[in-house]
Amino acid sequence: MNEAVFTTRNLTKIYLTGDVEVRALNGVDSELYGGELAVLLGPSGSGKSTFLNIVGGLDRPTSGQVTFRDQDLATLSDGKLTLYRRNHVGFVFQFYNLIPSLTAWENVALVTEVADNPMPPEEALAMVDMEKRMTHFPAQLSGGEQQRVAIARAIAKRPEVLLCDEPTGALDSKTGVIVLEALTRINRELGTTTAIITHNAAIRNIAHRVISFIDGKIAEVQVNDQRIEPSEVVW
Ligand SMILES: Nc1ncnc2c1ncn2[C@@H]1O[C@H](COP(=O)(O)OP(=O)(O)OP(=O)(O)O)[C@@H](O)[C@H]1O
């Protein structure tokens, strides 16, 4: 196993809505290892997105520790947390959030303009097999194609980690497989540490490790000695 990129200890997130307290994370001890592909499973409301948002620097814990290498994310200033996100983390969400008035190439270029050592947009698009559709606008692309452009946008700055919250949630199974193939290829060829949240337990066997959440805690971690290709997933 490689070194841990992320470590959390007793990670806790409490949301207060009026008088009602929701413990979205209730003491999570975890690691994400360098170069691994982890799948995060669990019922709705079990804390998966909250966990991903905190390790990605989009949100802060109520208490507990979360470190990225030696950096304590819980106590970083807002400015440093923004720099952390910008320099190290790529995000992919269920909905693609592409800018409709820009082509696929321009959507990716928007990010590479502000990155230190980016890939050329066409190289990022080639990683997800979209180089032939570079000049197309989002409305001219299918859902799966738009998601692949969103993945190209996330990886073009060469992030160390790629955090994906239900990346296949809006896609049919055939298209979902193509998107998962893009993510596994990136993990394998670029060595990007990748975490994928899914509701689809069938996806679990494409991962090196499966982390299962229940009620804001990690209930189980499964290590896959034998992984399968996305094309072998039975949905
Ligand atoms: N901003 C918020 N304010 C109040 N409660 C919240 C907020 N965000 C999340 N929660 C609550 O925290 C709990 C965990 O939510 P979270 O989105 O992390 O779960 P999840 O496992 O990702 O669920 P899903 O699979 O449905 O996306 C839920 O009970 C949710 O309602």
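The model is predicted, so to speak from the record: local features need pLDDT of at least 70, side-chain atom pairs count only at pLDDT 80 or more, and totals for chains, interfaces and linings use all residues. Residues are numbered from 1 along each chain as its sequence is written.

**Exercise 1.** Find which element gives the most to the shell around the ligand.

*Solution.* Start with the rule: a residue is near a molecule if its C-beta atom, placed from the backbone, lies within 6 Å of it. The residues around the ligand include Tyr-15, Gly-47, Lys-48 and Thr-50. Next, look at the elements, which are DSSP runs numbered from the N terminus (helices are H or I, at least four residues; strands are E, at least two). β1 (4-17), β2 (20-33) and α1 (48-55) each supply at least two residues. The top giver is α1, with three.

**Exercise 2.** Work out which residues of β6 are buried on each side.

*Solution.* Buried means that 20 or more other C-beta atoms lie within 10 Å of a residue's own, exposed means 12 or fewer, and partly exposed is in between, with C-beta atoms placed from the backbone. In a regular strand the side chains alternate between the two faces of the sheet. On one side of β6 (residues 89-92) you get Val-89 and Phe-91, on the other Gly-90 and Val-92, and all are buried.
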